[in-house]
Structures are given as structure tokens and as C-alpha cells.
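Subject: Handing over the structure

Hi there,

Here is the structure I promised to pass on to you. Please have it open while you read.

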Amino acid sequence: MNDQIVPVITIDGPSGAGKGTIAQMLALDLKWNILDSGALYRTLAYFMSKNHIALRDFEKKLEFIKENFIVKFDPGVADEPVKVIFHDQDITNKVRNEEIAKKTSFLASDPLIRTFIKPCQREFKELPGLIADGRDMGTVIFTDAQLKVFLTASLEERAKRRQTQLKRQGSEVNMRLLLQELEERDKKDTEREHSPLRPADDSVIIDTSNLNPKEVLKEIKKYIQI
């Protein structure tokens, strides 16, 4: 198959801007494949933890990792997390937790890990099309995407959304700490040496602060010419 004919829409942006929700809605609407790049990193962290592979041993274990790192995503249903399928097992709940999040944050900044993940991400580019959600999808991974979207929102609005999400999971959160964590995450993402968070030069930038998901989806669909 000539992968040049596979359409790709990238959805990039900071934490809490709505990337995951919008990517899922688009994938369900268009009936396309979905790549949740953050969850791909989380799955690698889970896999390494389960197999007791330390970062210092990554290169030594590379062939084993390549052979056994088999991940798929299912957009599932609206308002529920995109499903993470590892070796045909649904591990969504095992990778979408704070313990794995912390391990992932450490791994994702390592150049060796990012080099390994890139071809894994590109393998998701299959017919009928791909919605790729992340932080460097349009700038690094799919630079030839038919449409690049960069979602943003105010820090306060993103903190509110995160608070709502955590409450839904049964966690109590301090808004001041949440704002601080998001600021630190933004600083880390935008200033990192490898694949810093920024809009691609040819991306459509949408501020979602005062828009609900359906309104954001409607705005994006104005630019879709598939």
C-alpha cells in the first residue's frame, strides 16, 4: 500500500486543551484510526515496568522490546477514554493512572525512547485515515499531514477541566497546586530540547477556552478536505 494516500489529521496542544476528546470525536465521526501518542508512551512505560527493563538496559533489550511492543488503539465510545489494546488485551485502566504517568514523564524526555517511539507512531498511518493526538504530531511525526490542528486554552480553563476529570475519577484536587503543575508542565514541554511543544507553521490554531467539544469539532470540520 502506498502510504502517501493515507490522510492524516494531527491534533496537538498543551495538557487540558481538549486534544484527546476532540481526536476521539473526529475518529468516531470519520471512522478513522486513532493514535493517542501519550498513551503509547504510557504503554511503553507499563511494558518496561512489567518486564523489569530499566532505561539503562533499553538498548541491550531493544530486540526483545521491538518484538513484543504490540499496541493498538480503539476510539471506543464518546466520553470514555480511548481504549489501549496491548497483545489483544485491554489495558486502558492499567496505563491511565498516576503511577504510570510519573514513569512516563521520566521516559518521554529521553532521546533514546523518543527515537524508538517515532517509527511506532508512524505505523498507525493506515487506511482509511488517521487522527494523531499528541504534542509533536504535526511538527515532527506527520509533517506531511493533510490537516494540522493546534488546540490551546487558558491555563485556568485547562486546570478546571483537569479538576473535573480528577473528581470524576474520585480524586480531590487543590486548584492552586493544579495550576502550578500545569504551568510547570507547559514550561517543560515548550522548553525541552527534543520536539518542543509548538504549533506547526501550517497548523490551524483553535482556542478552546470558550468552546464546547461539539463547537471545536464543527470548527475543525470546516478545514477538512478529504
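Below is what I found in it, going from the whole protein to single residues.

A word on the ground rules: this is a predicted model, so local features need pLDDT of at least 70 and side-chain atom pairs count only at pLDDT 80 or more, while totals for chains, interfaces and linings use all residues. Residues are numbered from 1 along each chain as its sequence is written, and side-chain values use heavy atoms, with hydrogens and water left out.

**The whole protein**

The protein has ten helices and eight strands (DSSP runs, H or I of at least four residues for helices and E of at least two for strands, numbered from the N terminus). Its radius of gyration is 17 Å, close to the 17 Å that the globule rule gives for 226 residues, so the protein is as compact as a globular protein of that length. That radius is taken over C-alpha atoms, and the globule rule is 2.2 Å times the number of residues to the power 0.38. Along its principal axes, the C-alpha trace spans about 50 × 50 × 35 Å.

Of the 226 residues, 45% count as buried (under 20% relative accessible area; exposed is over 50% and partly exposed lies in between, with a 1.4 Å probe and protein chains only). Among contacts (heavy atoms within 4.5 Å) between residues at least 6 apart in sequence, 73% join residues at least 24 apart.

**The core**

The largest nonpolar core holds 55 residues, and L44, F69, F73 and I220 have the most contacts inside it. Such a core is a set of buried Ala, Val, Leu, Ile, Met, Phe, Trp, Tyr and Cys residues joined through side-chain atoms within 4.5 Å. Helix 2 (residues 37-50) provides the largest share of this core, eight residues. Leaving out residues up to four places away in sequence, F73 touches I34, L35, D36, A39, L40, V82, K83, V84 and F124.

**A pocket to look at**

The second largest pocket contains about 250 Å³ of space. On a 1 Å grid over the protein atoms alone, a pocket is an open set of points where a 1.4 Å probe fits, with protein on both sides within 12 Å along at least five of seven lines; lining residues have an atom within 4 Å of a point. Grid points are joined across faces, edges and corners, and the volume is the space filled by probe spheres set on the points.

The lining includes L40, F69 and F124. Helix 6 gives the most to this lining, with three residues.

- S15 sits in the loop between strand 1 (8-12) and helix 1 (19-30). S15 is buried, at 18% relative accessible area, and touches R135, R158 and L182, not counting residues up to four places away in sequence.
- L178 belongs to helix 9 (residues 175-191) and is buried, at 5%. Apart from neighbours within four places in sequence, L178 is in contact with A159, R162, Q163, L166 and V173.
- K125 lies in the loop between helix 6 and strand 6 (130-134). With 11% relative accessibility, K125 counts as buried.
- K218 is in helix 10 (residues 213-221) and is exposed, at 61%.

Enjoy exploring it!

Best wishes
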